[in-house]
Amino acid sequence: MEKEGSQVMYLNFFFNDTATTEIYTLSLHDALPISRNANAHINLAWLYAKKKEKKKALEHFRKAVFYDPTNGSDHLAYASYCLEQSMLEESLKEFHKASNLFIVGKRKADFKALKQRLQQRLKERVLSNKK
């Protein structure tokens with residue numbers, strides 16, 4: 001985590017090679033039993049998402065928002081991941097939590113894009129259920 005003015009930026013990063021990703025994932029995972037650091041959980045969630053380990057990714061997204069329920073960025077990341085996984089109800093729930101935390105700011109465009117994607121997916125689901 002890095003402070004820039006009054007804003008807090010989370011440094012989520014990915015490694016290009018599988019071996020480095022695996023080593024980092026195992027190291028971070030070993031440190032977590034004693035950690036209530038939401039940022040550590042969000043990083044681990046993205047690492048598991050990259051490895052296509054959906055169950056573990058969801059576990060760590062949920063822990064991140066549990067340990068820091070006021071972090072709109074984590075709720076938005078969780079909502080985005082749920083949308084990618086076609087978990088529309090959970091995505092909508094997290095999107096609403098995030099939108100209540102972000103009234104204005106640089107993430108406003110992210111909300112607009114996510115809202116449009118979510119609305120489109122919900123519309124597609126309603127249309128497919130009518131058939």
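# Legends to the close-up views

**View A. Ser86 lies in the loop between H4 and helix H5 (88-101).** The model is predicted: local features need pLDDT of at least 70, side-chain atom pairs count only at pLDDT 80 or more, and totals for chains, interfaces and linings use all residues. Residues are numbered from 1 along each chain as its sequence is written, and side-chain values use heavy atoms, with hydrogens and water left out. Helices (H or I, at least four residues) and strands (E, at least two) are DSSP runs, numbered from the N terminus. The phi angle of Ser86 is near 60°, a positive value in a residue other than glycine. With a relative accessible area of 39%, Ser86 is partly exposed. The terms here are set by relative accessible area: buried means under 20%, exposed over 50%, and partly exposed in between (1.4 Å probe, protein chains only).

**View B. Lys52 occupies the loop between H2 and H3.** Phi of Lys52 is also positive, near 60°, in a residue other than glycine. Lys52 is exposed, with a relative accessible area of 75%.

View C. Of the 131 residues in the protein, 34% are buried. Contact here means heavy atoms within 4.5 Å. Among contacts between residues at least 6 apart in sequence, 52% join residues at least 24 apart.

**View D. The largest nonpolar core has 18 residues.** A nonpolar core is a set of buried Ala, Val, Leu, Ile, Met, Phe, Trp, Tyr and Cys residues joined through side-chain atoms within 4.5 Å. The members that touch the most others are Ile42, Trp46, Ala57, Leu58, Phe61, Tyr78 and Tyr81. At least two residues of this core come from each of helix H2 (38-50), helix H3 (54-67) and helix H4 (72-84). H2 supplies the largest share, eight residues. A further core, of nine residues, lies apart from this one and includes Ala79, Phe95, Ala98 and Leu118. In soluble globular proteins, nonpolar side chains tend to be buried together. When neighbours within four places in sequence are set aside, Ala57 contacts Ala45, Tyr48, Ala49 and Tyr81.

**View E. Helices H3 and H4 cross at roughly 155°, and their axes come within 9 Å.** H3 is therefore roughly antiparallel to H4. Axes are lines fitted to C-alpha atoms, for helices over the stretch in contact, and angles run from 0 to 180 degrees between N-to-C directions. Angles under 35 degrees count as roughly parallel, over 145 as roughly antiparallel, 65 to 115 as roughly perpendicular, and the rest as oblique. The crossing of H3 and H4 is left-handed; a crossing has this hand if the near helix is turned anticlockwise from the far one by less than a right angle, and is right-handed if clockwise. On the H3 side, Lys54, Ala57, Leu58, Phe61, Arg62, Ala64 and Val65 meet Asp74, His75, Ala77, Tyr78, Tyr81 and Cys82 of H4. This contact holds nine nonpolar, one polar and three charged residues. By class, Ala, Val, Leu, Ile, Met, Phe, Trp, Tyr, Cys and Pro count as nonpolar, Asp, Glu, Lys and Arg as charged, and the others, Gly among them, as polar.

**View F. Asp74 is placed in helix H4.** The relative accessible area of Asp74 is 3%, and the residue is therefore buried. Leaving aside neighbours within four places in sequence, Asp74 touches Ala38, Ile42, Ala64 and Val65.

**View G. Tyr67 belongs to helix H3.** Tyr67 is partly exposed, with a relative accessible area of 31%. Tyr67 and His41 are 26 residues apart along the chain, and their C-alpha atoms are separated by 9.0 Å.

**View H. Helix H5 crosses helix H6 (residues 108-130) at roughly 155°, with the axes coming within 11 Å.** H5 and H6 are therefore roughly antiparallel to each other. Their crossing is left-handed. Leu88, Glu89, Ser91, Leu92, Phe95, Ala98 and Ser99 of H5 meet Phe111, Leu114, Lys115, Leu118, Arg121, Leu122 and Arg125 of H6. Eight nonpolar, two polar and four charged residues make up this contact.

**View I. Leu114 is part of helix H6.** Leu114 counts as buried, at 3% relative accessibility. Beyond neighbours within four places in sequence, Leu114 contacts Leu76, Ala79, Ser80, Leu83 and Phe95. Leu83 stands 31 residues from Leu114 in sequence and 8.6 Å away in space, C-alpha to C-alpha.
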